[in-house]
Amino acid sequence: LERFEPAWYEEPVPPEDIESLLFVKNHIGIPVATGERCQTRYGFRELVERRAADILQPDVIHAGGFLETKRIAAMAEPCFMTVAPHNSAGPGCTAASVHLAACTPNFKIQETFDDFSEPWLKEAVRGVPEVRDGFFDLPQKPGLGIELDEQVIREHPPREGFFNLWDPQWHKRNFGKGAQ
């Protein structure tokens, strides 16, 4: 795949398997990314110390919040590692991740799935940063810059779901509609 110059090879092995990550990293010409399943700076410590990846992918929600994710990025910076925050948890995570990106010198790129979310989410979470020409606009309001409409949220209670990653329309997350 090297001839296609992909941006990175994501989680070729579990992130806690440092030896295998190093093996992959040292034997391919594609940057290695990992970390969406790691929690807190302690879960990233050995990855950073051993430089077992090129790109770290902490998730603001799973890694311990905004400040903990900022600490993870700061640990990686002197090791010339970049961060590409994982984000598949919805608009609140997007807002926090965009703020993180704005104040992180070793930020690379921001993942987002908000365009594939349920249509009512834009009504439930107002002020979510939008992608324009490949970039997010920074929020202009206090805090995360978003406002929750609790009535809309109550009208759409949580439900169990499953999406088949092999389905060509997986990104639309049609839970229960042909999902297997």
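Select helix 4, residues 91-102, in this predicted model. Its 12 residues, at 1.5 Å a residue, should span 16 Å, and the end C-alpha atoms lie 17 Å apart, which agrees.

How many of the 12 residues are buried? Nine of them are, and helix 4 is therefore described as mostly covered; a residue counts as buried under 20% relative accessible area. Colour the buried ones: Pro 91, Cys 93, Thr 94, Ala 95, Ala 96, Ser 97, Val 98, Leu 100 and Ala 101. Now show what they pack against: helix 3, helix 5 (121-124), strand 5 (125-126) and strand 7 (135-136).

Next, stay with helix 3, residues 66-76. Select Glu 68 and Arg 71, which are three residues apart in helix 3, about one turn of the helix. Their side chains meet in a salt bridge, 2.9 Å from N to O.

Move to helix 2, residues 40-49. Here Arg 45 forms a salt bridge with Glu 49, and the closest N and O atoms are 3.4 Å apart. Why can a pair four residues apart be compared with a turn of helix? Both residues are in helix 2, so four residues of separation comes to about one helical turn. Arg 45 is partly exposed, with a relative accessible area of 45%.

Still in helix 2, select Thr 40. Thr 40 has a positive phi of about 55°, although it is not a glycine. Most residues other than glycine have a negative phi. At 28% relative accessibility, Thr 40 counts as partly exposed.

Then go past helix 2 to Arg 51, in the loop between helix 2 and strand 3 (55-56). Arg 51 also is not a glycine, and its phi is positive, near 50°. Its relative accessibility is 39%, so Arg 51 counts as partly exposed.

Now select helix 6, residues 150-154. Glu 150 and Arg 154 both lie in it, four residues apart, about one turn of the helix. Their side chains meet in a salt bridge of 3.9 Å, N to O. Are these two residues buried or exposed? Glu 150 is exposed, and so is Arg 154.

For a group of charged residues, select Arg 126, Lys 141, Glu 147 and Asp 149 together; they are linked in a network of salt bridges. A search of the whole structure finds 13 salt bridges.

Four strands form an open sheet in the order 1-2-3-4, with parallel pairing. Which strands stand at the edges? Strand 1 (9-10) and strand 4 (82-83) do; each has a single partner strand, so one side of each is left without a neighbour in the sheet. Strands of a sheet pair through backbone hydrogen bonds.

Zoom in on strand 1 and strand 2 (residues 32-34), which run parallel and are joined by two bridges.

How values were computed:
Residues are numbered from 1 along each chain as its sequence is written. This is a predicted model: local features need pLDDT of at least 70, side-chain atom pairs count only at pLDDT 80 or more; totals for chains, interfaces and linings use all residues. Side-chain values use heavy atoms; hydrogens and water are left out. Buried means under 20% relative accessible area, exposed over 50%, partly exposed in between (1.4 Å probe, protein chains only). A salt bridge is a side-chain nitrogen of Lys or Arg within 4 Å of a carboxyl oxygen of Asp or Glu. The expected span of a helix is 1.5 Å times one less than its number of residues. Contact means heavy atoms within 4.5 Å. Two strands pair if DSSP finds at least two bridges between them.
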